[in-house]
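Subject: Structure handover

Hello,

Please find the structure below. My notes on it follow.

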Amino acid sequence: MKKLHLVLLVAIAAVITILLSFMGDLSTYETLATAKLKEGKTVTVIAKLDTNYKPAIIYNPLKDPNTTTIYVKDSLGNAAKVVYHFEKPMDMEKSERIVLKGKMKGDVFDITSKDGILIKCPSKYKDDPKAASNNLTQN
Amino acid sequence: MNYIGEHLLPGQLGFFFLILSFVAAGMACFAYGKAAQTEHLEDSKSWRKLGRVFFIIDAVSIFSIFVIIYTLISKHYFEYYYVWNHSDKSLDPKYLLSSIWEGQEGSFLLWMFWHAVLGLILMKTSKKWEAPVLSVVSFAQFILASTIIGIYIFDVKIGSNPFLLTRDNFGDLPVFQRADYLTLPRFQDGNGLNQLLQNYWMVIHPPILFLGFASTLVPFAYAIAGLWKKDYGGWSKDALPWVSFSAGILGLGIMMGAKWAYESLNFGGYWAWDPVENASLVPWLILVAGLHTHVVYNSTGHSLRATYLFYILSFVLVLYSTYLTRSGDLQDTSVHAFTNLGMNWQLRLLVFVFLIPSFVLFFMRYKKIPHIAKEENSWSREFWMFIGALVLFLSALAVIVPTSFPIFNKVFGTNWNIGEDKEFPYNRIQVFVAVIIGLLTAITQFMKYKQTDKGATLKSLLWPTVLTVAISTASSVFGAINYDKYGIGFLIAIHLALWASIYAVIANAAYIWVGLKGKMKAAGASVAHIGFGMFLVGVLISSAKKEVLSINHLNPLNFGGETKEKGEENLTMFQGIKTDMGSHWATYEKDSTTMGGKYMFFHIAMENKKSGEKFTLYPDLIKNSKGQEGYSNNPDSKHYLTHDIFSYVNYANKTKEGEDTAQFRVETVKYKDTLYYSSGFMILDTVGFRLENNRVEFTEKDTAIVAKLTVVPFNSSKKLTAYPYLTFNNNSIEYVPDTVISQGLAIQFKRPTDLTHFDIGVKESSNLTPFIALKVLKFPLINFVWLGIVIMIVGFVMTVRRRMRLINN
């Protein structure tokens, strides 16, 4: 066997290992209802703030600057309480869509990684024609 | 309707140049293509002349478009949607430029601008390769121009035109029923530039990054020209300085973005494996792989096929990254990704229109690309360089595949996603890449092409190796690198990678003296390698030894098995109260605002516990631009040679300042009665005349009745004491409440109802005293990251100069 073939074989083995390593960590997109069925497993849920709660975001840095509690609901209308063990992301109030990565613990969706909440950055709304149109009809 | 006060001429002129650049690029592509195809020399020359004319027209049009957009923005013509949406009157002139590239149209324009500049240089320098190379460049210009012309063909919108008027975009809105709509307040000022982009890095990072993206077109164009003209290796020497240039500039552009993220974003670092960052890194990795196989080909004739593959892929991946960033398909995985402008089909087409023809051409010609059947000697430089290039390529795959999961999900209906921790899945692979690349970078230069004298190589490697082992062992033993969050295996990998990176620095430095006998002119590659090695050392140390200084020791919930995972990283700091931050004392002294309240700076006095050194950090909050309420936070760092102290404010009650509307809630209690508040309870211990307390010392003259209460918060075992009191002055009663700041409590002693019952007022409010939630991090050796990049770029510049001199001789 040629050396090059050996090298390529090693390379292919490396690729497979790498892909498998990613597969081991994969999470899946769930709704809040199916996430409850997979309690304890890391899942991704796309939700938005549950406006039935006022406020829907509870962050009291005076008492604990490292816990943010939010109430969300998903597109199917399931609601849940989310506990995020970090500071409140700066523009969360404005977010129309929140991507949550964490585990369901009982009725609480628990997020222990800082990257576990992704909200769209406000600058990205700027090119959204709807936002611009709203802006033009105000004041 | 005749609208009043609009400036329509510049827009019409701009649109004319848009169309002209589109048409001229198409014609240039055709004419240059003809020149490349025609065998007849005279015909070819006249086609080439025509191609030049059209390309120059294209370039001039693009420069004109740029000037016109800048004029519109600087004159604040808000009737233009692009101007209205991306700028406002308060912007500093340098940020007017940033306004141009805040939007998609402007970024594409910037890209085309650099293509035009590079094309003009190639026209002068590429000699016999001019026709095919410029034909490819013109084709790219043609395709890119189609993304900004904004015309409709059979009801299909092609591109998005930056010269559209606001009323063209939103014609249905009632406001445009008025001829004098421009006098309305909402047209007196624009939407402004995003706060986070109002940063000097945002003035220079996009142009450099786009120059990097644009420059990957040059090796691609040469490669396509080589396949097209069946002169497979003839372009190799001419293209080499361009590749070094491209790798240097693209690397610089990416790392400038990292520096910007470090200085003005709150990710707490310079790299977060965000899909948008990944998408720019991958073309660079593949380009660098191509650079190495290219050098191998020039010296030995091996690896030409791989070089072709890498150059084609690197440019196609630049296009793919544009699609990823711009299409909105990544919006659930990236914080940077932009929203969909309704032209995703065009962005996808952008990739395929280059991908398919270039790969068809590559595979058609594959068998004919010369290669050497005899395989490389395993004691040769080319063999190990090829292995290195292959590892870089695999490393790029390991980044781009998971980044593309959302795309796979879209295409194949799968449901994949990276887990909660998005950085570790990348880090645990790339750390091994660092081990291999570090080792190869160290050793390979000591080998010779084709056949190496083993003894001599080992001999010259001896001292660098001994030195490396000494330094590495010392840094592992005394460096206290004990990052055990992901277990011992990963920690060992970090140490191995650190050793390999140190080896890369030392061995390449040694090679300049031993291998090149100190000839600095030829040392470009070694210098670039030293820089890269230093960069790796900086990355490894600053990440593995990153320390959170603002660890919240006060939070009693801060224990248990998962503590490590949870971020107890913010500390609440009350104004004027000295707070313990591990190695430092920190005091939030005061705050100040500038620019009419736009920036709110927090003055954090830091004091090193050991050395007593004092300095002040000024992290700030910036009020968001119009149309978006709220604040963005902006970090501040104290830079030392060996580390940075990095801080940012996550919350400040000042921003919510309003009237304190909370009322005292009064209850009548007896001794030892319990009063509840939202997060705890308090007990009335005793009431006494001039009772001894920690607030005031009463004299004989005072008439004061003091209550003593013990406050017990639910979330803390620490009990607090409050002494509200009342005094009699000139027959009037003065109530002096006591505050328990950490609980947001004010407690008032109202009056005794009788000798055993007392009225106690309790008020809860968060506005009692200014406080902030602050995060402070320490990044050791972060300067190695930046210094390493600078040295690497210097190395690239040296190689460009040397390669150019070699061509000219």
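In which loop of chain B does Lys230(B) lie? Lys230(B) is in the loop between helix 9 (217-229) and helix 10 (236-264) of chain B; helices (H or I, at least four residues) and strands (E, at least two) are DSSP runs, numbered from the N terminus.

This is a predicted model, in which local features need pLDDT of at least 70 and side-chain atom pairs count only at pLDDT 80 or more, while totals for chains, interfaces and linings use all residues. Residues are numbered from 1 along each chain as its sequence is written, chains are lettered from A and ligands numbered from 1 in the order in which they are written, and side-chain values use heavy atoms, with hydrogens and water left out.

Lys230(B) is not a glycine, yet its phi is positive, near 55°. Lys230(B) counts as partly exposed, at 48% relative accessibility. Here buried means under 20% relative accessible area, exposed over 50%, and partly exposed in between (1.4 Å probe, protein chains only).

Lys127(B), also not a glycine, has a positive phi of about 50°. The loop that holds Lys127(B) runs between helix 5 (104-125) and helix 6 (130-145) of chain B. Lys127(B) is exposed, with a relative accessible area of 59%. For background, most residues other than glycine have a negative phi.

Chain B overall

Chain B has 809 residues, of which 57% count as buried. Its secondary structure consists of 20 helices and 23 strands. Along the principal axes, the C-alpha atoms of chain B fill a box of roughly 115 × 85 × 50 Å.

Chain B is divided into domain 1 (1-198), domain 2 (204-411), domain 3 (423-545 + 781-809), domain 4 (571-653 + 772-780) and domain 5 (665-766); these bounds come from an automatic or database domain assignment. Between the C-alpha centres of domain 3 and domain 5 of chain B the distance is 66 Å.

Leaving aside residues up to four places away in sequence, Val133(B) touches Leu122(B), Ala221(B), Tyr222(B) and Ala225(B), where contact means heavy atoms within 4.5 Å.

Regards
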